[in-house]
Structure formats: structure tokens, C-alpha cells
Amino acid sequence: MNRALRFALGLPLAGLFVVPTAAGQASATFVDESERLGLQLGDDRAAWGDFDGDGWVDLLAAGTLWRNEAGRRFVKVASEGPGVFGDFDDDGDLDLFLFDGRVLRNDGEDGFAAVPMPELEPSVCLGACWGDFNGDGLLDVYAGGYEDWDKGIDYPDRLFLNEGGRAFALGWSEARYRARGVTACDFDRDGDLDVYVSNYRLQPNLLWRNDGSGKFTDVTASHGAVATSPGFAGGHSIGAAWGDFDDDGEFDLFAGNFAHVDDRGDQPKSRFLRNRGPGDDFAFEDRGACGIPYQESYASPAAADYDNDGDLDLYFTTVYGTASFGVANHPVLQRNDGDWNWTEVAAAEGLGRLPPTYQAAWADFDHDGDLDLVTAGRLFVNQGNRNHWLEVRLVGVPGHNRSAVGAQVRVHLAGRTLARQVEAGTGQGNQNDATLHFGLGAEAGPLRLTVQWPDGSTQTLNEVAADRILALRRAAPSAAEPRQK
């Protein structure tokens, strides 16, 4: 029995596991503790994932894998290349899709082994995500295709379908646009994962609606998800992030756009797209930048409730340290103040004047109830505050997407509903921890939760205590239970 499954099966109280935590500190600021933790990180895309199944999330940063030693330090394990974690063979161990097109199976103590892939022309991929796109209970991969500027080649997006946890086949390929970021979400709550692709070179982004069998329909225009402004077909999008930014239980989008403002025009800025919910077929309202100050070279966004007040905040990187006309650019931390109002707090929170980077991913690596950030080749540790919180780890069952990618959890509070999802790819080539984090502010519980599992089945929990890490295992379906779509 593998370590991840042992962890899941040991859960008391009908699947709830309480993890001891440290008390919070006085203020929600970030401190670079990379050296203390033994980390020497490169500055390239980052992915969090518990590859060894010990309950402590590990880190793949700039292609190097670091094992988390109970939140006290990290130990270098291997250098495999940048990628994202996903359990492709459904054995409870996280495997890797690398952006060079390889899939590596996690063989536990024996390390990683290559998985058979279709023979294809080489490509340039900057972002990809895992998901069970065809509803067979096994994780597939959507890999974005970018470009070779010097050779004048545009590479295709590719959908790799899982063949029984043994290999992958090419299910679909299209070279329409130049993709950078790829991220998935069941935005319409129909029990299958849809895909949002961030495209560059003033090309429109893509919102692919999934019919549940892995067949995608382009609903970008009909659902208001192009992320552009009048006079432009699209923007220079680098990465996007799904998140419930207004606490209404629906998943919105933030599309990050690099944008020149010069003799080439006033190019499309980054923007929030609000999910209007079932009454409007889950179409999006373009709310624009919502006051986020313009910088030319914005790059990869990552959403998280860093201050545990219940609202999703936004960290957003830049490509250049000095952009056009000698203007300094730096990553920003935008605090969500509610009702689509945002305040820039990077300097006040210990993240001021960071260098350009595409690296941005969140995780509570030390189990203290607040989210920490890896960016710009450093790990910034959140010092915490007195707000309440809840973290949820979802554990599926074999044959039904054991790692629960695509599952959604909603916490129901007075006057608002907080939604989070298990995702396996965000921004441009980054990955947040699969443990779902809810800041609760002054709400101490008990809490009511609803879970939508990846196959569309739902589960409700009442009287859940706050300030805990809860692991919830999906009940094993009966042999006669159909997959719900």
C-alpha cells in the first residue's frame, strides 16, 4: 500500500483528519526564509506537490525537486526539469508532466521513470495542466504550444489522453494561437473540466467548454472571455488564474496581459472576468482592471487568500525590471478589499521591489494555517495573523480520479460562499498546492461545507470546526453507480 493511501485510510471521524498546527503570529507579512530552510532555488516556474505522500507538500522549482522535511527544511532530491504534478496512473503517488513533453512516473523509492508518449515533432510548451477531460477517472494533459520566433514556427496545443495509466495518446492538436498559460476549471459546474488558454501576440484567449468526453467547444466570444479591449482581437496574455474573487460561490477569471502603451496603441490591460452564474449560462462580465495599477510587463498571476480574511488576493509577476521609457516594473501583491476593490500591499507585506520572474505558486508548506509564496527564486514564509482558517485535502478512490483534480469545495458563511478548486496548473506553468485553503476572518465556526467531486457527485458536511487541516476521503462508489455528468 502506498504512502498517500495509508495517510488517507488512517482518517478518523468518518474521513476527517485533524493536523496539529502552530499558533499564528502577530501580522500577515512575508519573510524570505530560503536560506534557513536549505533552499537554493532557480528562478523558473514552480509547482507544489506531495510527491512522497508523507503529508508535507514538496516543491519543484526551476526543474529541481525539493523534499519538504516536516516544514522544517527542504532537501534536494533530483533535477528533472520544470513541470506540473499529477497522479496519471491513479496509484496515489504524484507523477510529473514536464514541459519538454515527457511524463515521468513516480516509482517511490526507485525515483521517476519515463512513460510512453506518442512520437511527435518537438514543440515549445510554457504551460500545461492535468485533468480528467474525457471522464474515464484518469488524468489527461492539456499542453499549450507556443512559438519559435526565429524560425517563424507556431507550435500546436495538444491534448494527451491517458491510456489506462500506462501511456498517453494524442487525442487532439491545433496550432491556432500561441499559448503561454493553461489552466482548467469546471466553471459551469456540470461535472467536467473546462480549459482556459492564455494566448500571446495580441491573439484572443480561449475558453474551451468540455462536453464531458474530452471534446471542446470554443465559447470564448459567447461567454465574454477573450480578455481584450475595443479595437483589439486579443491581448498579450501570459497567464490566467481561476478564483472566486467576489465570494459568490462561482469561479471567476483573472487574465494577465503584458500591454504596451505607445505608438503601437493602448493595448489590452489585465482584467477580471466575473462569472455571472447559472442564470446567464455561466458567461463572464468583463470588469476591467478593477484599479490594479498599470505596468507594461505583467506576466504570471497567482491567487490566494494570504491574509485569511476570506477574500482571494492576487500576486502578479512582471517580465522586466525596467520596461519601456526606463520605467521600473516590479511584481505586485493586490489585497482584495471586497466588492472588486484592490489595494497594492507588496512593500508593506515584505514583497516590495522584487525582480522580474514568471515564478509564482502558493502553499501552506509548514502547516501553520497561512499560505506561503515561492517566487523570484525565493520562498517567502507568511508570518500569520489572528484570523481563522480551514484547509481541506480531498482524497478520491481508485478509478475515480484519486487525486481529486477538478473537485470543488464551498464553505457557506453568513451572506457569502467561498469556493476553491483542486487544480493542477495555473498562471504560466506554475502549480499551487492541491490542499484547499479558506481564510475565514472572524468566523470561528462551526462551518458547513459542500464538495463537488470530479465525477459530479456531491457531499455535504455540517458542524466542521475552523483552524484545522481536514482530509476528506470520497466514499467508495458502488459497482452499479454510474459516473455522473
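Task: Is Tyr320 buried, partly exposed or exposed?

Solution: Start with the scale. Buried means under 20% relative accessible area, exposed means over 50%, and partly exposed lies in between, with a 1.4 Å probe and protein chains only. Tyr320 has 39% relative accessibility, so this residue counts as partly exposed. Phe258 has 2%, so Phe258 counts as buried.

Some ground rules apply throughout. The model is predicted, so local features need pLDDT of at least 70 and side-chain atom pairs count only at pLDDT 80 or more, while totals for chains, interfaces and linings use all residues. Residues are numbered from 1 along each chain as its sequence is written, and side-chain values use heavy atoms, with hydrogens and water left out.

Task: What is the geometry of the pair formed by Phe258 and Tyr320, and which parts does the pair tie together?

Solution: First, the rule. Rings of Phe, Tyr and Trp (its six-membered ring) pair if their centres lie within 6.5 Å; planes under 30 degrees apart are stacked, over 60 edge-to-face, the rest tilted. Next, the count: a search of the whole structure gives 27 aromatic pairs. In the pair of Phe258 and Tyr320, the centres are 5.7 Å apart and the planes stand at 85 degrees, which is edge-to-face. Last, the location. Phe258 belongs to strand S21 (residues 252–258) and Tyr320 to the loop between S27 and S28, so the pair links parts 62 residues apart in sequence. Strands are DSSP runs of E with at least two residues, numbered from the N terminus.

Task: Which residues form one aromatic cluster?

Solution: The members are Phe245, Phe254, Phe272, Tyr298, Phe316, Trp340 and Trp342.

**A covered strand**

Solution: Take the total. Strand S27 spans residues 313–318, and six of its six residues are buried.

Task: Which residues stand opposite Leu314?

Solution: Two strands pair if DSSP finds at least two bridges between them. Strand S26 (residues 298–304) pairs with S27 over five bridges, in the antiparallel sense. Here Ala303 has Leu314 as its bridge partner. S27 also pairs with strand S28 (residues 332–336), antiparallel, over three bridges. Here Leu314 faces Gln334.

**Two open sheets**

Task: In what order do the strands of the mixed sheet stand, and which are at its edges?

Solution: The order is S36-S33-S39, an open sheet of three strands. S36 (436–441) and S39 (468–473) are the edge strands; each has a single partner, so one side of each lacks a neighbour in the sheet. From one strand to the next, the twist averages 20 degrees. Axes are lines fitted to C-alpha atoms, for helices over the stretch in contact, and angles run from 0 to 180 degrees between N-to-C directions. Strand S33 (residues 388–395) runs parallel to S39, joined by six bridges. Across that pairing, Arg393 stands opposite Ala471.

Solution: Strand S4 (residues 64–69) and S5 run antiparallel and share six bridges. Thr64 stands opposite Ser79 in S5.

**Space inside**

Task: What is the volume of the second largest cavity, and what lines this cavity?

Solution: Define the space. On a 1 Å grid over the protein atoms alone, a cavity is a set of points where a 1.4 Å probe fits but cannot get out; lining residues have an atom within 4 Å of a point. Grid points are joined across faces, edges and corners, and the volume is the space filled by probe spheres set on the points. The second largest cavity holds about 300 Å³. Its lining has 24 residues; Ala303, Arg420, Gln421, Glu423 and Asn432 are the closest to its centre. Among the strands that each supply at least two lining residues are S26 and S36.

How values were computed: Helix = DSSP H or I, 4+ residues; strand = E, 2+ residues; numbered from the N terminus. 1 Å grid on protein atoms, 1.4 Å probe; cavity = no way out; pocket = protein on both sides within 12 Å on 5 of 7 lines; lining within 4 Å.
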